[in-house]
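Thanks for making the time this morning.

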Amino acid sequence: PRILILSPSAVRANDLVRGLRKMDRRVRVAKLFAKHIKIAEQKEILKRGCEMAVGTPGRVLKLAQEGALKLDKLEILIVDAFENTKNQTIFHIKETKVDTFAFYRAFVHPRVLSKSTRLCLL
């Protein structure tokens with residue numbers, strides 16, 4: 001994908017996907033979260049290609065580690081800092097924070113340093 005959005009939860013990610021698809025139905029948006037979607041299905045979707053992907057840090061990290069999520073064309077990583085009902089963001093929830101930073105360090109940071117990927121907060 002050219003654009004990847006990391007979201008704190010599957011519910012929030014699904015809401016973002018719905019909103020993005022309403023804006024332009026021609027844009028292929030991959031759902032990369034564990035809720036109701038098998039990882040094998042996501043790997044197939046990624047093989048076919050997509051312009052955008054929205055996912056949770058844990059699933060995105062796993063797909064990247066397994067080589068299914070290719071980041072060579074990634075232009076923008078958007079980290080969704082949405083606050084849940086407990087006023088927590090992706091950076092407050094231990095599991096999502098750990099996975100977000102692990103994904104960033106291993107796969108995105110070198111691209112940001114080389115200026116081939118931009119990092120944005122939403």
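Predicted model: local features only at pLDDT ≥ 70, side-chain atom pairs only at ≥ 80, totals over all residues.

In soluble globular proteins, nonpolar side chains tend to be buried together. Here the largest nonpolar core has 21 residues, and those with the most contacts inside it are Leu 4, Leu 32, Leu 46, Val 60, Leu 69, Leu 77 and Phe 103. The elements that each contribute two or more residues are strand E1 at 3-6, strand E2 at 29-32, helix H3 at 57-65, strand E4 at 76-79 and helix H4 at 94-113. H3 supplies the largest share, with 4 residues. Apart from this core there lies another one, of 14 residues, which includes Ala 10, Leu 16, Ile 37 and Ile 78.

Leaving out residues up to four places away in sequence, Leu 32 touches Leu 4, Gln 42, Leu 46, Ala 53, Val 54, Gly 55, Thr 56, Arg 59, Val 60, Leu 63 and Leu 69.

Next, the helix pair. Two packed helices are described by the angle between their axes and the distance between the axes. For H2, residues 39-48, and H3, the angle is about 65 degrees and the axes are 11 Å apart, and the crossing of H2 past H3 is right-handed. On the H2 side the contact is made by Ile 39, Gln 42, Lys 43 and Leu 46, and on the H3 side by Arg 59, Lys 62 and Leu 63. Sorted by class, that contact has 3 nonpolar, 1 polar and 3 charged residues.

Let me turn to the aromatic rings, where the count comes to 2 pairs. One of them is formed by Phe 91 and Phe 101, with 5.9 Å from centre to centre and 40 degrees between the planes, which makes it a tilted pair. Because Phe 91 lies in the loop between E4 and H4 while Phe 101 belongs to helix H4, the pair ties together parts that are 10 residues apart in sequence.

Now for the backbone. Most residues other than glycine have a negative phi, and most peptide bonds are trans. Just after H3, Gly 67 takes a positive phi of about 80 degrees. What is the phi of Asn 87, a residue other than glycine? It is near 60 degrees, a positive value; Asn 87 sits in the loop between E4 and H4 and counts as exposed, at 54% relative accessibility. Lys 115 also has a positive phi, near 65 degrees; its place is in the loop between H4 and strand E5, which covers 118-121, and it is exposed, with a relative accessible area of 74%.

I will finish with two arginines. Is Arg 12 buried or exposed? Arg 12 lies in helix H1, and at 18% relative accessibility it counts as buried, the limit for that being under 20%. Leaving aside neighbours within four places in sequence, Arg 12 is in contact with Ser 7, Asp 80, Phe 82 and Leu 122. Arg 105, in helix H4, counts as exposed, at 56% relative accessibility. Between Arg 105 and Ser 7 there are 17 Å in space, C-alpha to C-alpha, and the two are 98 residues apart in sequence.

That is where I will stop, and I am glad to take questions.

Methods:
Residues numbered from 1 in each chain as written. Heavy atoms only, no water. Core = buried A, V, L, I, M, F, W, Y, C linked by side-chain atoms within 4.5 Å. Buried < 20%, exposed > 50% of the residue type's maximum accessible area, 1.4 Å probe, protein only. Contact = heavy atoms within 4.5 Å. Axes fitted to C-alpha atoms, helices over the stretch in contact; angles between N-to-C directions. Left-handed = near helix turned anticlockwise from the far one by under 90°. Nonpolar A, V, L, I, M, F, W, Y, C, P; charged D, E, K, R; others polar. Phe/Tyr/Trp six-rings, centres within 6.5 Å; stacked < 30°, edge-to-face > 60°.
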